[in-house]
Amino acid sequence: MLRQVGTARTGQISLAETQPEGSYRSAQPAKSKLLSLWRAIMKKPQAAVRSRLRKQASRQEGREKRVLSSSQVKPSTAAAGLAKRQEEAAWQASVSSYHLFRDTAEVMAFRENLLNWYDRAKRDLPWRRLAEGEVDLDRRAYAVWVSEVMLQQTQVATVIDYYTRWMQKWPTLQDLAGASLEEVNQLWAGLGYYSRGQRLQQGARKVVEELGGHVPHTAETLQRLLPGVGRYTAGAIASIAFGQATGVVDGNVIRVLCRVRAIGADSSSTLVSQHLWGLAQQLVDPARPGDFNQAAMELGALVCTPQHPRCSQCPVRSLCRAHQKVERGKLLASQSLPGSPDVEECASSTEQCQLCAHPTEPWDQTLGVTNFPRKASRRPPREERSAICVLEQPRAPGGPQILLVQRPSSGLLAGLWEFPSVTAETSGRCQREALLQELQSWAGPLPASHLQHLGQACFSPLTLLQVVHTFSHIKLTYQVYGLALEGQAPVTIVPPGARWLTREEFDTAAVSTAMKKVFRVYEGQQPGICKGSKRSQVSTPSSRKKPSPGQQLLDSFFRPLIPMDSSNLNSMAQ
């Protein structure tokens, strides 16, 4: 009841609106008591924190205005913002009320139920602990920023260890700004989508060098001024770190909102995306915006999951149109309750509602609430092949060493280290010659007869090994070769962009997960380590567990051994 103090614009009810008509003057004492009680309740530690946030935000606002003016912000920015709001209002007016939260009561109930659930069920995560206990706003924003970037396209369980190591190594923006790109890539290795770490460091340097060490406080300025910070990340930082009442939309929130409001159109389309951001802004709690946004994401991660949602545990089940539709189907199928139950549906006009599923995609009762959201089918990743070689000096001073070369500074896996490779457009002799030429460009003359396509030494001569690694848009197959320099003097000088590493150094180097798996194949195929040994079994497909459903982090696996025809085998043996 006390949460209903506010204005209708923010989804709250004013005190005057709660009084009977004509009784405003007589209600003044009651109003005063209520206001006093409200102020007393708000005098909590969180209120003190918010007070400090507002004061620091006010000081930062002046800095941001100066930065924006120096960035040649056009005078028409305000007009553009007004036009955008008018466009959003027109869009809302054209949408069926079935897909909206139509009154304050629904919005208030959604907020209250969701936040009460979050207070009970939220996970204890390191970035939450760090942000909640940090008084310095810039350090608090940095803690949130790092976590949000790492969590993009990556599971929470994977991020925890990376986040902990990152914050121990670079606890402040200044620490990260002073790090090298090599150090960043090295710590990020295995987390995937490596450009995220690079942009994070670029953003830290901009804050330190151009913004006086202060992180922008609003979603608009965060998105405008910081490289790699998009609409979602900006909203998350602004709401969690600075208390700005701005909504956010990520994959979890998309799923929750599409089910709650029965939005069956393609969730990646511009129209649906615009509507979801409008709903998120309408729902966000102005008193606890950061907690609300985290609660919405937590609901999608723990309860409103993609394949097996736990509707019985959902705090907003009573407001969910998808759940209502499921219950309606059950009642219609039951003989115990005659007639059609009174469940609302979208009353589309003569033309198809743009937020409903297309008529060619009818409701599937067996899917239940997982009918929502519906996404356009993705293109399969393009397939590429590469011949790659682990070049080793077993008797190098200080222990065995392997050769790594650095990838270009832009593009896939930019700046990371890998084994020498060539595009495998051909097979047999031509592929082998191209790879040998690439190796010699880095390490000088090499014994061609020792270059072996792994699998020949210990397995049947008709089977060769390969590694398949799937990135977000590329399915890359590595044909794995090995070459050990046994009988010649160790190579000590290599051109820029190449280096020799011991096996221990390789384990901590800035290399991708794909390279580590290629190296495991090489280790398992060394002389004397054959099919029955444990090291070989680590690299065989039958001994590897299948990745769990939904695993998005560097989804890679080994394929069965691929047979080669005798002509190719003979050409390689020469």
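Modeller: Start with burial: a residue is buried under 20% relative accessible area, exposed over 50%, and partly exposed in between, using a 1.4 Å probe and protein chains only. This is a predicted model, in which local features need pLDDT of at least 70, side-chain atom pairs count only at pLDDT 80 or more, and totals for chains, interfaces and linings use all residues. Residues are numbered from 1 along each chain as its sequence is written, and side-chain values use heavy atoms, with hydrogens and water left out.

Colleague: What percentage of the 574 residues of the protein count as buried?

Modeller: The figure is 45% of the 574 residues.

Colleague: How many helices and strands are there in the protein?

Modeller: Both are DSSP runs numbered from the N terminus: helices are H or I with at least four residues, strands are E with at least two. The protein has 21 helices and eleven strands.

Colleague: Take helix 13. How many of its residues are buried?

Modeller: Nine of the ten residues in helix 13 (residues 251–260) are buried. They are N252, V253, I254, R255, V256, L257, C258, R259 and V260. As background, an α-helix has 3.6 residues a turn, so residues three or four places apart point the same way.

Colleague: Which helices do the buried residues of helix 13 pack against?

Modeller: A contact means heavy atoms within 4.5 Å. The buried residues of helix 13 pack against helix 4 (104–121), helix 14 (270–283), helix 15 (289–302) and helix 16 (321–333).

Colleague: Which residue caps the N-terminal end of helix 13?

Modeller: A polar contact is a pair of N or O atoms within 3.5 Å; within protein, one must be able to donate a hydrogen and the other to accept it, and residues adjacent in sequence count only if both atoms are side-chain atoms. The cap is D250, with a side-chain oxygen 3.2 Å from the backbone nitrogen of N252. Just after helix 13, A262 has a positive phi of about 50 degrees.

Colleague: At roughly what angle do the axes of helix 4 and helix 15 cross?

Modeller: Axes are lines fitted to C-alpha atoms, for helices over the stretch in contact, with angles from 0 to 180 degrees between N-to-C directions. Under 35 degrees counts as roughly parallel, over 145 as roughly antiparallel, 65 to 115 as roughly perpendicular, and the rest as oblique. Here the axes come within 9 Å and cross at roughly 75 degrees, so helix 4 is roughly perpendicular to helix 15. Among the residues making the contact are F110 and W117 of helix 4 and F292 and L299 of helix 15.

Colleague: How many aromatic pairs does the structure hold?

Modeller: Rings of Phe, Tyr and Trp (its six-membered ring) pair if their centres lie within 6.5 Å; planes under 30 degrees apart are stacked, over 60 edge-to-face, and the rest tilted. The structure holds ten such pairs. One of them, W166 with W188, is edge-to-face, at 5.6 Å centre to centre and 80 degrees between the planes. W166 lies in helix 7 (residues 156–169) and W188 in helix 9 (residues 181–188), so the pair ties together parts 22 residues apart in sequence. Both W166 and W188 are buried. For W363 and F372, the ring centres are 5.6 Å apart and the planes at 45 degrees, so this pair is tilted. W363 is partly exposed at 25% relative accessible area, whereas F372 is buried at 7%.

Colleague: Which charged end sits over the ring of W363?

Modeller: A charge sits over a ring if NZ of Lys or CZ of Arg is within 6 Å of the ring centre and within 35 degrees of the ring normal. K325 meets this over W363, 5.2 Å from the ring centre. R231 lies over the face of W277, at 3.9 Å.
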